[in-house]
Amino acid sequence: MSIELLSPAEMAQADRKAIEAGPFDGMGLMRNAGAAVAREVLRRHPGAERVHVLCGPGNNGGDGYVVARMLAESGVPVSLWASGEPRPDSDAARAAGECPLKPMPLAGFSAQAGSVIVDALYGAGLSRPVDGDCARAVELVSALGLPVVAIDLPSGISGESGKAMGPAFRAGLTVTFARKKPGHLLMPGREFCGEVALADIGISDPIIEGLGVQTFVNCPELWLAEFPVPGVDTHKYRRGHVCAFSGGPASTGAARLSALAAARSGAGAVTVLSPGNALAVNAMHLTSIMLRKTDDRDELDAFLADRHPSAFVLGPGFGVGEKARAFAMAVLASQAGVGGLVLDADGITSFREAPDELFAAAANAMPAFVLTPHDGEFARLFPDLAADERLSKPDRARQAAARAHGVVIAKGPDTVIAAPDGRAAVNPNGAPWLATAGSGDVLAGLVAGLLAQGMPAFEAACAAVWMHAEAGVRFGPGLIAEDLPRALVPVLAELVAMRCG
Ligand SMILES: NC(=O)C1=CN([C@@H]2O[C@H](COP(=O)(O)OP(=O)(O)OC[C@H]3O[C@@H](n4cnc5c(N)ncnc54)[C@H](O)[C@@H]3O)[C@@H](O)[C@H]2O)[C@@H](O)CC1
Ligand SMILES: Nc1ncnc2c1ncn2[C@@H]1O[C@H](COP(=O)(O)OP(=O)(O)O)[C@@H](O)[C@H]1O
Ligand SMILES: [K+]
């Protein structure tokens with residue numbers, strides 16, 4: 001698997017273990033890294049009039065000296081600029097020694113149109129905002145609009161969090177090594193990296209597997225083995241029964257979007273649980289989806305005992321207040337074999353004054369518990385985590401999941417899915433077409449649909465987020481939430497084929 005996302009500390013550990021295991025020493029890895037970058041520069045910019053290689057004092061700069069040497073050996077005009085001397089006796093110093101070009105001080109850096117920039121100032125070791133000559137170089141390159149190839153990460157971007165620590169290069173291509181880092185996928189890092197190319201520099205898969213990495217790219221490889229495919233002898237209730245709670249007569253559409261998505265995901269039966277005064281409007285718009293009057297806790301308990309549903313969506317269009325809290329608590333307390341509760345939107349907001357009550361109920365619940373907050377909803381349940389600027393999005397989601405005793409889907413352009421056991425996945429395939437009213441309701445229904453089919457909560461949440469994004473991307477401009485359930489069909493077909501093939 002190459003879906004692990006390595007933190008800078010894990011990458012340094014991989015580096016050490018690879019050197020111990022051989023055959024490459026630190027210098028060998030650095031030569032491999034530099035060679036991979038030089039290859040990409042030659043391939044992507046064959047007509048470059050000049051390549052300016054900007055080297056920092058650490059190993060990222062070391063990679064830069066290798067690139068400068070190899071490009072010069074290939075006959076490319078190269079200018080070499082350094083922000084400082086490498087530490088004596090370091091691999092970077094050796095790489096500088098092997099380079100026939102003498103670096104010029106970065107303070108004097110200038111470049112012309114037609115040039116390409118190789119950013120080897122800082123990579124994984126960036127520990128504070130870039131300033132001084134480096135910040136000036138970032139400004140100049142951006143003012144000239146020159147193409148940038150970044151080594152490992154664009155200087156100024158945190159590999160851990162994707163945050164811009166002050167000025168940062170905007171690369172067209174970032175070449176990274178062994179595995180991607182969270183900062184390549186998290187915003188705004190994803191924007192600053194441009195295309196990310198992964199190069200093998202001789203760090204083997206068993207070394208990465210031995211690191212115990214807990215952060216992953218969210219892609220089918222992560223959850224396909226758990227993806228539900230019905231047996232030939234199945235029947236509709238065995239494929240799972242999802243229920244979506246509807247709001248009042250003026251806000252019923254959201255629950256129907258969740259219901260439709262759950263049905264498309266493969267749940268065999270779906271019921272909208274509606275207040276009595278909204279039954280008529282719901283009935284007008286439902287065909288294969290069932291409808292049942294559910295006005296209070298007694299009616300809900302009767303339904304649970306009578307129909308043994310498998311998963312619930314509570315929140316989309318539901319309204320904020322005591323009724324949402326009571327229904328959520330009833331589902332979590334159910335001993336009737338309910339597989340899961342997805343709490344979204346108004347369901348989340350209803351607990352803003354009493355999140356601990358919700359989390360305590362989830363701790364003792366039989367049903368799996370999944371929360372699907374966007375940033376605003378996240379801050380309502382976890383104000384301290386939302387305000388903590390030191391946390392990366394995956395760490396914030398991980399802590400929230402542990403506290404909530406449930407899986408947290410922290411939504412946005414870089415949706416993160418986290419489990420209470422510390423696993424986190426960063427979604428790579430989101431697109432802005434998904435930012436449309438009701439899109440989150442569809443996602444909540446998809447998660448419930450997969451839970452109802454017996455998929456474990458973390459995998460169900462990851463699969464739903466990926467499928468939702470994939471459907472949105474493929475549909476593209478003009479997407480509205482109503483389109484998403486239908487747009488899922490080809491995505492589902494491919495997943496089922498991959499799973500069975
Ligand atoms: N870990 C690995 O497996 C490999 C790493 N390689 C390269 O090594 C890089 C990491 O090297 P380093 O750990 O030396 O780190 P960097 O080269 O990114 O940073 C160098 C040093 O600069 C200092 N520094 C950080 N931010 C600064 C700032 N804003 N202003 C001034 N100084 C600052 C830090 O103390 C850091 O030690 C990777 O990004 C990659 O390019 C490659 O050589 C191949 C193998
Ligand atoms: N810029 C973006 N790029 C990719 N996905 C996005 C972006 N903005 C929002 N989304 C996704 O769209 C959905 C919006 O959900 P939500 O905010 O709950 O909206 P609603 O309540 O209207 O359905 C989420 O899945 C979110 O991850
Ligand atoms: K860099």
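Predicted model: local features only at pLDDT ≥ 70, side-chain atom pairs only at ≥ 80, totals over all residues.

Visitor: How do you know that the span of helix 19 is close to the one expected?

Guide: The expected span is 1.5 Å times one less than the number of residues. Helix 19 covers residues 439-452, which is 14 residues. That gives an expected 20 Å, and the helix reaches 20 Å from its first C-alpha to its last. After helix 19 comes G454, with a positive phi near 90 degrees.

Visitor: Why is the largest nonpolar core said to lie between domain 1 and domain 2?

Guide: The core has 162 residues. V447 and A461 have the most contacts inside it. Helix 20 (residues 457-475) gives the largest share, 12 residues. Domain 1 (8-213) and domain 2 (236-500) both contribute residues, so the core lies between them.

Visitor: Which residues does A461 touch?

Guide: Contact needs C-beta atoms within 7 Å. Leaving out residues up to four places away in sequence, A461 touches V370, V407, I409, I417 and V447.

Visitor: How do you know that strand 4 pairs with strand 1?

Guide: Pairing takes at least two bridges. Six bridges join strand 1 (residues 50-55) to strand 4, so they pair, and they run parallel. H52 stands opposite I117 of strand 4.

Definitions and conventions
Residues numbered from 1 in each chain as written. Chains lettered and ligands numbered in written order. Helix = DSSP H or I, 4+ residues; strand = E, 2+ residues; numbered from the N terminus. Core = buried A, V, L, I, M, F, W, Y, C linked by C-beta atoms within 7 Å. Buried ≥ 20, exposed ≤ 12 C-beta atoms within 10 Å, placed from the backbone. Domains from an automatic or database assignment. Contact = placed C-beta atoms within 7 Å.
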